[in-house]
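Reader: I'm new to reading protein models. Could you walk me through this one, step by step?

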Amino acid sequence: GCGICTNRCPFSAISVINLPEALEEPIHRYGQNMFELFGLPHLSEGSVVGILGPNGIGKSTIIRILSGELIPNLGNWEEGEDNFGANTENKWENVINHFKGSQLQTYFKNLSKGKIKVIHKPQMVDQLPKFVKGNVKDLLTGVDERNQLGNVLEILDLKNILNREIANLSGGELQRVAIAASVLREGDFYYFDEPTSWLDVRQRLNAVKVIKTLAGAGKSVMVIEHDLATLDAISDNIHILYGQAGAYGVVSQMKGVRVGINAYINGFLKEENVRIRKNPIEFSIRPPTPEDEGTAIVSYTHLKKSYEGFSLSAEAGEVFHDEIVTAFGSNGIGKTTFAKILADVIKPDTGEVEEDIKIAYKPQYIVSNFDGRVEDFLYMNAPSYGSNIFKTEIMKPFSLEELLDKQVNELSGGELQRLAVASTLSKEAEIYLFDEPTAFLDVEQRLIAGRAIRKIIESKNAASLIIDHDIVFIDYISDRAMVFQGEPGIEGIATKPTDLRTSMNTFLKDLNITFRRDKETKRPRVNKLDSYLDREQKESGEFYYLK
Ligand code: ADP
Ligand code: ADP
Ligand code: MG
Ligand code: MG
């Protein structure tokens, strides 16, 4: 159990509660007592198959197998064995025999003979500059085998950075360049491992659009994604991965995207008869908060801040006790600048933050240059470390126990994020300020983090401000919200915190997107552009928040 909730806590069991009757032999095992993968997803021409599952459950392993980077050993692991040794042919032979009579037999036959071309957008785009030199234009024109350069540059909004060196790109720019490079190349199978990290909502939906053109051209596409609204919008069908992170992962049968995501949210996979969580994750439709609700914990006057070329203007506003305010908007629109002003890291040019309050702040970019173990880090950075409260409200939900002995500078992105959010929450403060806390976390970890934040601020009568791009997460945790509009990199205008419905309407109107709610689970879903609902909602001005 995760220990956040007392009774109907949806997270009280994160790994499987009951296993399927029998697991067949694994597809791959990394070594003795090491991670095992059971099953592989279905490949489907002309459509997008989504992969949904927690971190450490084998998603990237699947993609490495399907792209021929890792020959699966069918669980027969031998000491000192390496992947492409002298036995390569034998190994493929075994794999091809194993899949006799199935779709995967032909696939692996062709893959091993180099008869099919696989394009793989790796998870870690920040590694790209190590392997690719030169500027964006040279890279993308060099790989434009499908003659789609103009179209792809347009959709992914890359025209302005064509002359930039790959080495100087931001995370979001690297991600879009990596997606573009994959889409431009000619292949039969396309694999996208977490394509939306670093991207804002508009860019996520643009990525959806451009990746879907591949399916439209008859390609077979597979996407691993933790942002449920994006996964929902991009996939035709999905597979859920379940099991025990770090130990074993099982690939579910293929499910329709709506049914599959709902099953994940409800925590029960019917066809497999497997329960992956004790209780469903429940989305609530909060009524708009009245303007004069609660007492302010902090207020600020109209704030202005300019850098060369960029200016931010934030309408005067306040944050109440016991509430979570989310903030969203494009990349480069001033969200982090605003957070820094609140956290007193930088001073505004005009205006002021009125109360002298204590703020615990998790910056957007977390550095891992700490030299030492996670436990040492916690001793130094988590004031309540060792207390009972820390154990139940922070250690458990963020699963820190398993990290204690690891070196901080060797943590994965998701592990580092958990550590950073957890240590921020362990500080004594009146406002807990998180800049993009869901980056690199899986669905479960995102919602667990949201609940942990809620629990701590309520117990301390504090408040939280959270900047994020994941609409489903935002919908799940927001009491109120603020929107950043304007022109990225040039001008940002922030509204004061107001009710979620108003903020979302403002935000989505700007993006020309509408959301509906799923009838069964109440989770937000993107409407197809120009669909009946899309047009109806736009006409009535209800871009969001329909029953
Ligand atoms: P996901 O993409 O779902 O987060 P991965 O497929 O990357 O998960 O990893 C699944 C599990 O396999 C993890 O526990 C990971 O530590 C382990 N693993 C990944 N690569 C290797 C490897 N080369 N050797 C040993 N274990 C590995
Ligand atoms: P967001 O968090 O919304 O992505 P930021 O607040 O980080 O946006 O940045 C807004 C704009 O201000 C960007 O164009 C960024 O390049 C610029 N900017 C941020 N910090 C500085 C700085 N210290 N000096 C100059 N420009 C900056
Ligand atoms: Mg992965
Ligand atoms: Mg930022």
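Author: Gladly! One term first: two strands pair if DSSP finds at least two bridges between them. Please also keep in mind that this is a predicted model.

Reader: In which sense do strand S7 and S8 pair, parallel or antiparallel?

Author: Strand S7 covers residues 237-244. Four bridges link S7 and S8, and one residue standing opposite Gly-249 in S8 is Gly-243. The sense of the S7 and S8 pairing is antiparallel.

Reader: Which residue in the hairpin of S7 and S8 takes a positive phi?

Author: Three residues sit between the two strands of this hairpin. One residue there has a phi near 85 degrees, a positive value. The name you want is Gly-246.

Reader: What is the bridge partner of Leu-37 in S8?

Author: Strand S2, residues 36-38, pairs with S8 in the parallel sense over three bridges. On the S8 side, the partner of Leu-37 is Gly-249.

Reader: Are the faces of strand S8 covered or open?

Author: Take one side at a time: Tyr-248 and Val-250 are buried there.

Reader: Is Ile-281 buried or exposed?

Author: Ile-281 lies in the loop between strand S11 (274-275) and strand S12 (296-300). The cut-off for a buried residue is 20 or more other C-beta atoms within 10 Å. Ile-281 has 21 of them within that distance, so Ile-281 is buried.

Conventions:
Residues are numbered from 1 along each chain as its sequence is written. Chains are lettered from A and ligands numbered from 1 in the order in which they are written. This is a predicted model: local features need pLDDT of at least 70, side-chain atom pairs count only at pLDDT 80 or more; totals for chains, interfaces and linings use all residues. A residue is buried if 20 or more other C-beta atoms lie within 10 Å of its own, exposed if 12 or fewer, and partly exposed in between; C-beta atoms are placed from the backbone.
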